[in-house]
Amino acid sequence: MPPAVPDKAVAGPRARIEGWVSRGLTRVTSSALGPYQTAIVRIGFGLVWFLFLLREWPHRQELYGPEGPWSWGLAERLIDSNHAFTVLMWSSSNSWFELVYLLALLSAAALTLGWHTRASSVLFMVGVLSLQNRSVFMGDGGDNVIHLMAIYLVLTRCGQVWSLDARRAARGRTEGTAGVVLWAVLGAVLLGGTVAGGFSLGWCLFFWALWVANGLWWVLRRAAARGGRGVREARDVCDILANLGHNAVLLVIMVEVCLIYSTAGWYKIQGTRWQDGSAVYYPMNLDYFSPWPELSHVLAGNGLMIFLVTYVTVGMQIAFPFTLLNRRAKNVLLAFMIVEHLGIAVLLGLPFFSLAMIAADAVFLPTVFLVWSGRHLGALAARVRGLLPRGRRPDTGREEHEEREEHGRDEAMDHGPDGAPAGIPAAQEPEDDVAGTRLPGR
């Protein structure tokens with residue numbers, strides 16, 4: 001019997017579904033989605049952690065030091081029970097603590113600038129986990145968000161734009177010896193920590209996998225540049241796997257933010273103080289959460305204001321995951337939530353908690369807005385550089401140097417072939433705009 005001809009009513013939806021699946025797979029494997037969103041998340045969390053460590057520099061011993069309130073013995077007993085990762089427990093020496101704290105500060109700055117983003121993201125994660133797991137009670141809620149995002153950022157390609165890596169790639173430069181040296185140093189440290197037993201089995205496998213994967217990627221990229229179809233195909237496969245990992249982690253970050261708001265909102269709605277609209281009144285009258293007592297008392301004395309802020313806070317947190325179905329509603333509610341976090345930073349004195357939440361919210365910012373902001377910030381930075389008195393002193397010095405070089409060459413030529421002419425200084429490359437402002441055409 002001839003094969004049955006499929007019904008058009010069945011073949012039509014099936015073809016459309018197959019087309020959607022095919023286009024979706026092509027998109028998630030061919031590119032790392034959300035380059036501007038992941039870049040702003042990287043910059044936000046790197047900057048928040050850097051500013052926090054910088055502010056707590058005078059108090060670092062009390063917060064995370066060996067002689068702090070959460071003593072070495074208490075930390076050791078807790079870590080033996082929960083198996084948390086921290087390199088601060090490798091030694092009780094104060095010099096080791098100072099070194100780890102300084103490296104955590106520098107890695108946060110490197111991640112913010114996007115300098116060797118793959119390596120700096122791993123060091124950033126190590127610094128965050130080491131300090132936070134050493135003293136688990138030194139946080140205000142924002143530390144939990146930083147803790148999670150530090151792990152997620154390791155698996156993302158968050159240096160595609162607005163980074164020193166992207167600026168170097170746009171200029172056609174290679175990583176040079178700095179990347180190789182950094183990779184070798186980290187490998188030596190990892191080897192020493194493994195031999196000394198400083199890592200658990202899971203963390204040991206995780207770090208070695210990252211180290212080997214980055215080395216393999218560097219080798220394949222160099223080999224593919226010289227040719228060879230098989231090598232290029234292997235490089236493309238690694239690129240596809242990296243895109244898949246990036247896009248999966250980006251989805252996890254978005255789900256994580258939705259869970260934070262939805263769980264907070266549904267837990268609030270079960271409390272009697274949130275139900276009667278008076279919950280916001282109490283923290284505004286606590287001395288610990290009142291950096292501006294006069295302003296807090298004025299706002300807390302307005303019953304209608306307290307009622308509205310309480311109910312609007314709960315409503316926005318519960319409604320936020322559902323607004324993702326509508327782009328305009330999501331953007332409007334996102335703006336209100338950012339304003340709310342800024343209000344928390346000012347009124348309750350929780351700047352780093354608010355900045356961490358704003359950095360997490362940035363994953364939902366529209367690409368058009370981020371591109372527009374980057375372009376205008378780049379133009380503003382160019383104008384500021386143009387106003388600076390850069391023209392005369394540096395140029396005068398360089399002109400004098402060139403005159404001396406020219407005079408030296410003339411004298412060497414006059415003295416005959418025994419004196420070699422002075423070397424000509426290498427031409428300086430023109431300064432680029434702010435990193436990341438060289439945006440792809442739309």
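Predicted model: local features only at pLDDT ≥ 70, side-chain atom pairs only at ≥ 80, totals over all residues.

Which residues have the most contacts inside the largest nonpolar core? They are F45, W49, L131 and F320, within a core of 73 residues. Helix α2, residues 35-55, supplies the largest share of this core, with 8 residues. As background, nonpolar side chains in soluble globular proteins tend to be buried together.

Let me stay with F320 for a moment. Leaving aside residues up to four places away in sequence, F320 touches V257, C258, Y261, L333, L334, M337 and F364. Among these partners, L333, L334 and M337 are also listed among the buried residues of helix α15.

That brings me to α15 itself. This helix runs over residues 327-347, 21 residues in total, and spans 30 Å from its first C-alpha to its last, close to the 30 Å expected at 1.5 Å a residue. Its buried residues are K330, L333, L334, M337, E340, H341, I344, A345 and L347. The cover over them includes α11, α13 (293-300), α14 (303-323) and α16 (351-361).

Now to helix α10, residues 201-226. With 26 residues, α10 reaches 38 Å between its first and last C-alpha, close to the 38 Å expected at 1.5 Å a residue. Within α10, the buried residues are C204, F207, L210, G215, W217, L220, A223 and A224. They pack against α6 (117-134), α7 (142-154), α9 (176-195) and α11 (229-269). After α10 comes G227, with a positive phi near 115 degrees.

Next, a charged residue. Is R60 buried or exposed? R60 counts as buried because its relative accessible area is 15%, under the 20% cut-off. R60 lies in helix α3, residues 60-64. Not counting residues up to four places away in sequence, R60 touches G65, F97, E98 and Y101.

Finally, the surface. Which residues form a nonpolar patch there, with about 440 Å² of accessible area together? The patch consists of W57, L99, L102, L103 and L106. One of its members, L106, sits in helix α5, residues 94-113. L106 has 49% relative accessibility and therefore counts as partly exposed, as that class lies between 20% and 50%.

Thank you for your attention.

How values were computed: Residues numbered from 1 in each chain as written. Heavy atoms only, no water. Core = buried A, V, L, I, M, F, W, Y, C linked by side-chain atoms within 4.5 Å. Buried < 20%, exposed > 50% of the residue type's maximum accessible area, 1.4 Å probe, protein only. Helix = DSSP H or I, 4+ residues; strand = E, 2+ residues; numbered from the N terminus. Contact = heavy atoms within 4.5 Å. Patch = residues over 30% accessible without salt bridge, like charges linked within 9 Å, V, L, I, M, F, W, Y side chains within 5 Å. Areas by Shrake-Rupley, 256 points an atom, 1.4 Å probe, with all protein chains shown as cover. Salt bridge = Lys/Arg side-chain N within 4 Å of Asp/Glu carboxyl O. Expected span 1.5 Å × (residues − 1).
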